Each structure stands twice: as C-alpha cells, then as structure tokens.
Amino acid sequence: MSRKGNSRHIKRLAMSTFLGVPRKEAKFIVKPSPGRHDLGRSIALVSLLRDKLHYAANTKEAERIIRQGKVSVNGKVVKDTKFATGYGDIVSLASGEHYKISINNQGAVALEKVDANAKRLSKVIDKYVAKGGKLMLRLHDGTIAAAPNNEVKVNDSVAIGNDGKIEKVLKFGVGAECVVYKGRHPNKKGKIVSITEGTASRPMMVELATDSGSIKTVVDNILVVGE
C-alpha cells in the first residue's frame, strides 16, 4: 500500500546538522510540528529538553514535564511535545532558568543562559495590512506581530518582550551590526559595509566586515542585532 501522509519522525542519519545531536545513538528523532520555523532549522521541544538541556533522562520524562505545563517558549506555556523551537526563541523552565536558542560555529543549536527579562530578536520577513488597516509583521520564527509604526521594513529586526509586544526596532542598512544565523558562515558577527540590490534572478547580497575578514552572503542569512 502507498503511504498516507508525511512521516511522523526523522531518521537521525538524514536529519539537519542544525539539531547537533548524535546520529548513531538511535534510529529516529522526533519531528517538530509544522507552522513555525523551517523543518531543517527547528528542533522539537521534547528533543531540546532531553538532548540539549539534559533536563530529562528520556523521552517519556521530557513529555511528562512538558504536559504538566512546566516549560514556556517566548513567555507562553507550551504543552505540545513536538512544538518547533528555533533560532531566537527563549525557553523558560519551571526551575527558573531561561535559555535563548542560538547556534555555534558549526551551525548547530547552542543554548545561551539569559535572565527573565531578556528580549528575543526576530527578523521581519514580510509585512501586510490586516483588516481595519492595521500594519502587521511576519517574523522569521513564524509569528505575527503588530507593527509599532509604518517605518518598519523587511529585513529589520524587532526586540519583543514576554508580552509579545515590540519594544524596539533595529534598522537594516549599512553600518548595522549583524549575525549570520544560517548559511555557509554560521555565527559570524560583523557590520554591514555594502548592500547589493537584488534582481528578478539574483537575491540581495550584503558584505560584512568581521574580525576574521570580509564575507559576502545573501540577506536572508543575516539578522540585525545592533545599530
């Protein structure tokens, strides 16, 4: 018989390097729920607790912790064990610890301990006018937020508090401080020194001045982190 729908799991041998977990410890790894981050750049919450934070000894224990409402993502309690988490998300535990999801120099998930008031940074990938004429922003993590003003543009970054409101806008442009959060230069940080406008067949490119020299990458790979 033919398959009915997509696979519910991912074989570890075929998983993205973003997950950064051992490939030969088991055959499968939990597949994140769709709708937020891209599949190749997300990790299921149950896997994050078990394999990255080591907050649980096994899958059943991690699932029980999540279903008891002891884990929050970006200020909201999450009970979906397969909830997709990715770059920029802040995961809070019942123990009072808070972790921001980042990447290491190999492009794999890295966790940075932050305080309870830490703001998450999200990239604006699209904007549109909703019913009633309200300007809305679509962010790189799949969430939607109301624009604080009409000056926000695609490729800008926004700092968001636990209440989901935008507190600051970081503008994209020459001189902006950026981090490469995907692509061939993971976790490289630097300032934009030039921008090459895209065409119908070629994406917009940016040149960054980093501590190790100048690099060029497509604009989709960078996130503005300062001005």
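Let me start at Leu39, which sits in the loop between β2 (28-30) and β3 (42-44). Helices (H or I, at least four residues) and strands (E, at least two) are DSSP runs, numbered from the N terminus. This is a predicted model, where local features need pLDDT of at least 70, side-chain atom pairs count only at pLDDT 80 or more, and totals for chains, interfaces and linings use all residues. Residues are numbered from 1 along each chain as its sequence is written, and side-chain values use heavy atoms, with hydrogens and water left out.

Back to Leu39. Buried or exposed, or partly exposed? Leu39 is partly exposed, with a relative accessible area of 45%. Here buried means under 20% relative accessible area, exposed means over 50%, and partly exposed is in between (1.4 Å probe, protein chains only). Leu39 touches Ile10, Lys31 and Pro32, not counting residues up to four places away in sequence. Contact means heavy atoms within 4.5 Å. The C-alpha atoms of Leu39 and Asn155 are separated by 21 Å. Along the chain, Leu39 and Asn155 are 116 residues apart.

Next, helix α1, residues 45-52. Seven of its eight residues are buried, so α1 is largely enclosed by the rest of the structure. The buried ones are Leu45, Val46, Ser47, Leu48, Leu49, Arg50 and Asp51. Just after α1, His54 takes a positive phi of about 55 degrees.

That brings up backbone angles. Most residues other than glycine have a negative phi. Asn74 is not a glycine, yet its phi is positive, about 55 degrees. Asn74 lies in the loop between β4 (71-73) and β5 (76-77). Asn74 is buried, at 13% relative accessible area. Asn187 also has a positive phi, near 70 degrees. Its loop runs between β15 (177-180) and β16 (189-196). Asn187 is buried, at 18%.

Now the sheet. Five strands form an open sheet, in the order β12-β11-β10-β13-β14, with antiparallel pairing. Two strands pair if DSSP finds at least two bridges between them. The edge strands, β12 (144-146) and β14 (166-170), each pair on one side only. From one strand to the next, the twist averages 45 degrees. For that angle, axes are lines fitted to C-alpha atoms, for helices over the stretch in contact, and angles run from 0 to 180 degrees between N-to-C directions. Strand β13 (residues 157-160) and β14 pair over four bridges, antiparallel. Ala159 stands opposite Lys168 in β14.

Pockets next. On a 1 Å grid over the protein atoms alone, a pocket is an open set of points with protein on both sides within 12 Å along at least five of seven lines, where a 1.4 Å probe fits; lining residues have an atom within 4 Å of a point. Grid points are joined across faces, edges and corners, and a volume is the space filled by probe spheres set on the points.

The largest pocket has a volume of about 280 Å³. Of its 14 lining residues, the closest to the centre are Ile125, His140, Tyr181, Lys182 and Asp220.

Take His140. It is in the loop between β11 (135-139) and β12. His140 is buried, with a relative accessible area of 14%. Leaving aside neighbours within four places in sequence, His140 is in contact with residues including His37, Tyr87, Ile125 and Tyr181.

The second largest pocket holds about 220 Å³. Of its 14 lining residues, the closest to the centre are Asn74, Lys76, Arg120, Thr143 and Gly164.
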